[in-house]
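Trainee: I would like to go through this protein with you. May we begin with the overall picture and then turn to the details?

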Amino acid sequence: MEPQKNSTQSKTLTILAIAFVVIAVVYLVARYPSSTGAPSVSQTPDIFEPVFVVADGTYCYTRTQLATTEAPYSSEEHIEITIDGTTVSGTKAGTQAGPGVSNGFWGDLDGTLSGTAMELVYSYTVEGSEGKELELYEVSDSALTKLRYVLTEQGDTLVPDRTGEPTRLVYTLEQCTE
């Protein structure tokens, strides 16, 4: 019976050795990912940001700027937009006041939505004068942010010169009133 006991012990030791090797390989692969560029568990971000999808509907936003020593003009703006697929339309109106200036402005917004980016043509009237400006916006779940660049003229429309860095003007989402 002694030879059978040695055979059983050999099988047990072999199984333990194989299990140890498998565990060691799994540990090493997880600890030291391959250099092939394939993603590994250690390369996965710890926090996943939810993807914001802009739903069809009507949205209203407000922006208020108080006059300061550096910027002596105050303004209040209201934007109402309706999104239908990739088509955006709406209105923008407001007032501005400062040294020697006090006026209102209003007009229509028409353009497109791509992901969370909007390109809208603002056809406006200020103090009886009409004009057009291509405006760029980013939309989130709580705000609409205008990317304000230096403007250049192209035909009858002012367009952003995207070579520089924009100033970001944030409009807060609010309840639309009828």
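Trainee: How many helices and strands are there in the protein chain?

Mentor: This is a predicted model. The protein chain has one helix and ten strands.

Trainee: What share of the residues counts as buried?

Mentor: Of the 178 residues in the protein chain, 25% are buried. The chain exposes about 12500 Å², and carbon and sulfur atoms supply 57% of that area.

Trainee: In what sense does β2 pair with β1, parallel or antiparallel?

Mentor: Strand β1, residues 57-65, pairs with β2 in the antiparallel sense over nine bridges. Gln65 stands opposite Ser75 of β2 in that pairing.

Trainee: And how many bridges are there between β2 and β3?

Mentor: Eleven bridges join β2 to strand β3, residues 87-98, and this pairing is antiparallel. Here Ser75 stands opposite Gln96 in β3. The two strands form a hairpin with two residues between them. Gly85, in the turn, has a positive phi of about 70 degrees.

Trainee: A change of topic: how many salt bridges does a search of the whole structure find?

Mentor: The search finds seven salt bridges. One of them joins the side chains of Glu77 and Arg63, at 3.1 Å from N to O. Glu77 lies in β2 and Arg63 in β1, 14 residues apart.

Trainee: Why does Glu77 count as buried?

Mentor: Glu77 counts as buried because its relative accessible area is 9%, and the cut-off is under 20%. Arg63 is also buried, at 9% relative accessibility.

Trainee: Which residue does Lys146 meet in a salt bridge?

Mentor: Lys146 meets Glu133, at 3.4 Å from N to O. Lys146 lies in strand β7 and Glu133 in strand β6, so the pair ties together parts 13 residues apart in sequence. Both Lys146 and Glu133 are buried.

Trainee: Which residues do shared partners join into one network?

Mentor: The network consists of Arg63, Glu77, Lys92, Glu133, Glu135 and Lys146, joined by salt bridges that share partners.

Notes
Residues numbered from 1 in each chain as written. Predicted model: local features only at pLDDT ≥ 70, side-chain atom pairs only at ≥ 80, totals over all residues. Heavy atoms only, no water. Helix = DSSP H or I, 4+ residues; strand = E, 2+ residues; numbered from the N terminus. Buried < 20%, exposed > 50% of the residue type's maximum accessible area, 1.4 Å probe, protein only. Areas by Shrake-Rupley, 256 points an atom, 1.4 Å probe, with all protein chains shown as cover. Pairing = 2+ DSSP bridges. Salt bridge = Lys/Arg side-chain N within 4 Å of Asp/Glu carboxyl O.
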